[in-house]
Amino acid sequence: MAEPVVHQGSVGPVTRLAPYRAVLAARVRAQRSYRSNFLIDLGSSLLVGFVELAEVWILFHNVHVLGGFTFVQILLVFGIADFSFALADLFFGHCDNLPTYLRAGTLDVFYLRPQPVLMQLITSEISLRRLSRAGLGVGSIVIALALNDIDWSAARVALLVLALVSATATFAALFVWAAGLQFFLVSGAELTNAFVYGGRYAATQPAAVWSRPIKVVFGFLFPMAFTAYLPALELLGLPGPQWLPAGLAWCTPLAALWSWGMALGTWRVGMRHYQGGGG
Amino acid sequence: MSPNLLPYWKLFVAGFRQQSTYRLAAFGGLVANATFGFLKVAVLFATVRAAGGQLHGYDLGVMSSYIWISQGLLGSINLSGRTDLADRIKDGAVAVDFLRPIDVQAANVATEVGKAVFALVPRGIPSVALGAIVVGMSLPSTPAPYLLGALSLLVGITVSAATAYIVATVGFWLIESRGVQVLYMVVSGFLAGLFVPIALFPGWLSAIAAATPFPSMMMYPIDVISGRVVGLAALGLFAAQLGWLAVTGLIGHALTRAGRRKLEIQGG
C-alpha cells in the first residue's frame, strides 16, 4: 500500500484497475450471499418499474394521444429512459450515499488511498438489484420497436445505440453532479434529488407538453429531452415541438458531454470545499 | 388536559420541534416538491386538455389543486415505510421503550404526527402557495370544505403514521424487515394517488386502492380540501378515513402486544 503512487506511471492499466475490480467483486459476492434479500431487492426494483409504467399507462388509458404520442410510442421513450437510468443507477446510484460518509467522517478514508476519490466512490458499490429494472427497460424497448411502424435504416440503428449509450452517460453524470453538491448541502440531499429523480421522471414524458421554463431546465440545462424523447421522435419519424426538433436527436452525445462537464466541474469545486470530517 | 394524555402531547410537540431544526433539508424538500409539481402540471394539464377540458370531475383548476396539495403533503405523509421504531426494534433499543410507563404505539404515532404537522409549515404551505400564485388553482369559497379538510388531513396523517408503525412492528418477527418496508414504499405512493389521481384509475385498480389504507392518507384529504368532493360524499370519505384509522390502530395495538411477548422470549 505504501508505494503505489510512485509506480502508478509505470504499471499497466490492468494493474492500476486491480484495486477497483477487487472491491467491486467483493460487493457482488456480498450481495449475492444474502440470497433472499437479493431476490426481494430484485423483485421490488422490478415492481417499482412496473408501477412507474402503470402511472404512464393510466394517463393513456384516459386519453389516447398525449403530447403527440400514443401509448405504444411513449413506451419507446419510457424504455430508453428507464433502461439507461437503471444502468446509470447500477454503477453510479450509490453516489447518493456521500452525505452518509460526510456525516460519519468516513469519507476521509478515501483521501488516504492512492486513488482518485471519485473513482473510489463510484467503485465502492454496485447495485445489482437494478438489473431487473434494466430488464424491464429492455422489454419495453423491444415491445415498442416491434409494435411501432419504424422505417429502419443503418442510420436509425446507429441512432438507437448512440442514444442508449449517451443517455446512460447523461444520467450517470447527474449522480456525480449531485454528489459534488453534497459537499455543500450534507443534509439537503433532496435538493439534488429534485433534478436526478425529477430528471428521470421528466425523461419518460413527451416533452411536447412542457412549458418553456421546463424546456430550459429539463430540455437543455439537465438535458433530459435528449436521453429518450428526441431519439424516439427521430426513430418514429415524428416532428418535434418548438425548440426541440427531431433532428436534435443526433446531438445526444453532446448532451452527455455537457452533463459530464457540469458533473466534473461541480465535483472539483466540492472536493476543494471539503475540509475533512474532523477525524 | 388530562394527566394521562399529557405525555403524548409533549411527544407530539417534541416531534414538531425536532423537525424545525433541519431547515436546509426542508428547503431541499421544497425544491423537490416544486420541480415534481411543475412536471406533473405539464403532463396532467395536457391530459385534461386532451380529454376536452374535463376528466372525471377534474378541470385545470381542480387538477392544479390536486397537484400542489399532494406535493405539499409529501413531507407529512410517510410514503417510505421507514421509521425510527424499525431501527429500535432491530437493535433491541425498543426494550427500553417498553419499560417506560406510556403506551409504545401511542407514543410513536404521536411523535410521528408531530413531525408531520410541522412539515406542513416549510413544505405544505409554500407548495400550495407556489401553485396558487404561479399556476393558479380553484379552491372552495365556503368554509365547510376547509374545516372538514383540516380534520381529514389530520386523520390522514395519523393513518399514515399508524400504518408505518405496523410496518415497523413486523420487525418483531422478521429480523430483517426491509422487504416489507420496500414493498410498502413501492405501492404506497401509487395507491395513495401521488402521481395520478385515483379517479383516473380504471375501475379494477381503484377498487384495489380503496381496499387499502393508502387513499385515506392523501387522496381523500385532497378531495375534501380541494372541494372536488363535497357534501355527503365528502363525509363518506371522512368516515372511510376514520374506519381505516380504527383498523390500523387496532392492528398496530395487537401486533405491539404480541410482539412484546415475542421480544421477551428472545430475552429483550
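Visitor: What covers the buried residues of α8(A)?
Guide: The cover includes α3 (35-62), α4 (71-92), α9 (154-185) and α10 (189-203) of chain A, contact meaning heavy atoms within 4.5 Å. Helices (H or I, at least four residues) and strands (E, at least two) are DSSP runs, numbered from the N terminus.

Visitor: Which residues of α8(A) are buried?
Guide: Among them are A:Arg130, A:Arg133, A:Leu136, A:Gly137, A:Ser140 and A:Ile141. Buried means under 20% relative accessible area, with a 1.4 Å probe and protein chains only.

Visitor: And what is behind that spacing?
Guide: An α-helix has 3.6 residues a turn, so residues three or four places apart point the same way.

Visitor: What sort of model is this?
Guide: This is a predicted model, where local features need pLDDT of at least 70, side-chain atom pairs count only at pLDDT 80 or more, and totals for chains, interfaces and linings use all residues. Residues are numbered from 1 along each chain as its sequence is written, chains are lettered from A and ligands numbered from 1 in the order written, and side-chain values use heavy atoms, leaving out hydrogens and water.

Visitor: Switching to chain B, how many helices and strands?
Guide: Chain B has 12 helices and zero strands.

Visitor: How much of chain B is buried?
Guide: Buried residues make up 52% of its 268 residues.

Visitor: How far apart in sequence are its contacts?
Guide: Of the contacts in chain B between residues at least 6 apart in sequence, 80% join residues at least 24 apart.

Visitor: What box do its C-alpha atoms fill?
Guide: For chain B, roughly 65 × 40 × 35 Å, along the principal axes.

Notes
Buried < 20%, exposed > 50% of the residue type's maximum accessible area, 1.4 Å probe, protein only.
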